[in-house]
Amino acid sequence: MDPIKLLDDLTSATVAAHQRPGFFDQRLRRAEVLLPTAELVIAIDPDRAMGFARALPVADHRHAALAVMAAELVGTDPGRANTLFADVEHNATSWSARTAVGVVRMAVALHRTDRRRAERLLRQAEARLLADTPAQTACFAGEFATALAVLDRRRAEKALDKAATRPLSPEEMGDDTWAAGSEQRLMVAVAMVAYSPRKAEQILARVHAPYDRDCLRPRLIKAIAAVDLAHAERLARATTNAYHRVVWLGETAEISARREPARADRLIREARGMAEAMTDGTQYRWSMSAALKAVAVREPERADRLATSIGDVWLSGSLAGAIAATNPARGLELARSVPDKEMRTRLLAEAAQEIAAVDPALAEDVVREGLPSWEVADVLLRMVPVDPDRAARLARKVGHHPPRASVFVALLSTMRG
């Protein structure tokens, strides 16, 4: 693969992605590619740095990109770094949370050689992170803390503490919804897991709507499970709702299966017993699915047999992704057996993600069946390590710019090592 050609593809997709307004989730997706693109531009072709930044249609995006690029050059080319950063520093009073991430990286890079300037930039960046809208603060608080933690872990944790207490009134949130406000709490909570899982749990508890808390809790459980399985299990049990408990225990068992098989087996037995006691048909399906997915991590054939013995096409189909990891043909068969079109598409995407890592050609066949753009991107991201040329070729056919850019970011990042 030609890195310059890939960089052309990436910058074109990133610039195009930022030329349109969007809802909260769409803006978040665009945010995921802007700063990584800036890093790759400066690493691969520094001479095009200003051209890339000037092509971004919004000043906020331009300043964020320039700050990140300058941070990458502080140690190797301080003159160019200062040139890139000059416009950003001139507009310090209007920095967004996105730009603050780049500025804190610049400050960390400067800290050894110019501590006074670095501290001034850090204070400005911290202030601007919290002065942005709650949505933007939440979007970038995690990246901000990660950059700052290299220098001062405690200070990074304090920044997240402050981000977690931002008010979420409709007036401050602008065009964001109350649902997005709950999502913002989750984003900060997940970022806090690296510092304190207990504090992360407390942040999610501040979501005022019980329904929102229950919808978001599984994602926090997964984040906590990566660092503390026992804590994740306790959090999964922290509900009086039997349905939620069995689903969350099943998901915790799925995460535990390879790291702590004994814990996983215990949770699976408990989850299956609770699922079998469910009288509501829908709740039974979802809860039993969670339990059998956990079984499938280590014993896919057994999970398949158990689901088949129950005689529910939807339940068997829900295992498509887990089965496809070791038996691609069977995983696709299960996904295609589900009659509901929307669910069938989702399950095919899950199966294709697993297949991409073992049989890229077969995964390509599934992609051609018409999966949505972000699902295609997720498949290609799994394909990048095993067949980068195929992933690049298919990425150029993805219809939406942010998912296309995300694949090019992964490809170039892999090439850089």
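**Words and their cut-offs**

Mentor: To begin, T345 is partly exposed, its relative accessible area being 24%. Keep in mind that this is a predicted model.

Trainee: Why is T345 called partly exposed?

Mentor: Buried means under 20% and exposed means over 50%. At 24%, T345 falls in between, so it is partly exposed. T345 lies in helix α22, residues 341-356. Apart from neighbours within four places in sequence, T345 is in contact with L371 and P372. Its C-alpha atom is 10.0 Å from that of V366, which is 21 residues away along the chain.

Trainee: What makes T11 buried?

Mentor: The relative accessible area of T11 is 11%, and the cut-off for buried is under 20%, so T11 is buried. T11 is found in helix α1, residues 3-17. Leaving aside neighbours within four places in sequence, its contacts are T37, V41, R48 and F52.

Trainee: How do you know that F408 is buried?

Mentor: By the same cut-off of under 20%: F408 has a relative accessible area of 1%, so F408 counts as buried. F408 sits in helix α26, residues 401-416. Not counting residues up to four places away in sequence, F408 touches L6, D9, L10, A392, A395 and R396.

Trainee: What makes V33 and A296 buried?

Mentor: V33 has a relative accessible area of 2%, and A296 has 4% relative accessibility. Both values are under 20%, so both residues are buried. V33 lies in helix α2, residues 24-44, and touches T14, H18, P402, A405 and S406, not counting residues up to four places away in sequence. A296 lies in helix α17, residues 281-298. Leaving aside neighbours within four places in sequence, A296 is in contact with A303 and A322. The C-alpha atoms of A296 and E254, 42 residues apart along the chain, are separated by 8.2 Å.

Trainee: Why is α12 called roughly antiparallel to α13?

Mentor: Helix α12, residues 197-205, and helix α13, residues 210-225, pack at an angle of about 170°, with their axes 10 Å apart. An angle over 145 degrees counts as roughly antiparallel, so α12 is roughly antiparallel to α13.

Trainee: Which residues of α12 and α13 meet?

Mentor: From α12 they are P197, A200, E201, L204 and A205, and from α13 they are R213, L216, R217, L220 and I224. The residues of this contact divide into seven nonpolar, no polar and three charged.

Trainee: How do you know that the span of α8 agrees with its number of residues?

Mentor: Helix α8, residues 134-149, has 16 residues, and at 1.5 Å a residue these should span 22 Å. The end C-alpha atoms are 22 Å apart, so the two values agree.

Trainee: Where is the kink in α8 centred?

Mentor: The kink, of about 40°, is centred on F140.

Trainee: What makes α8 mostly covered?

Mentor: Twelve of the 16 residues of α8 are buried. Among them are P134, A135, Q136, T137 and F140.

Methods: Residues are numbered from 1 along each chain as its sequence is written. This is a predicted model: local features need pLDDT of at least 70, side-chain atom pairs count only at pLDDT 80 or more; totals for chains, interfaces and linings use all residues. Side-chain values use heavy atoms; hydrogens and water are left out. Axes are lines fitted to C-alpha atoms, for helices over the stretch in contact, and angles run from 0 to 180 degrees between N-to-C directions. Helices (H or I, at least four residues) and strands (E, at least two) are DSSP runs, numbered from the N terminus. Angles under 35 degrees count as roughly parallel, over 145 as roughly antiparallel, 65 to 115 as roughly perpendicular and the rest as oblique. Contact means heavy atoms within 4.5 Å. Ala, Val, Leu, Ile, Met, Phe, Trp, Tyr, Cys and Pro count as nonpolar, Asp, Glu, Lys and Arg as charged, and the others, Gly among them, as polar. The expected span of a helix is 1.5 Å times one less than its number of residues. The bend at a residue is the angle between axes fitted to the seven residues ending there and the seven starting there. Buried means under 20% relative accessible area, exposed over 50%, partly exposed in between (1.4 Å probe, protein chains only).
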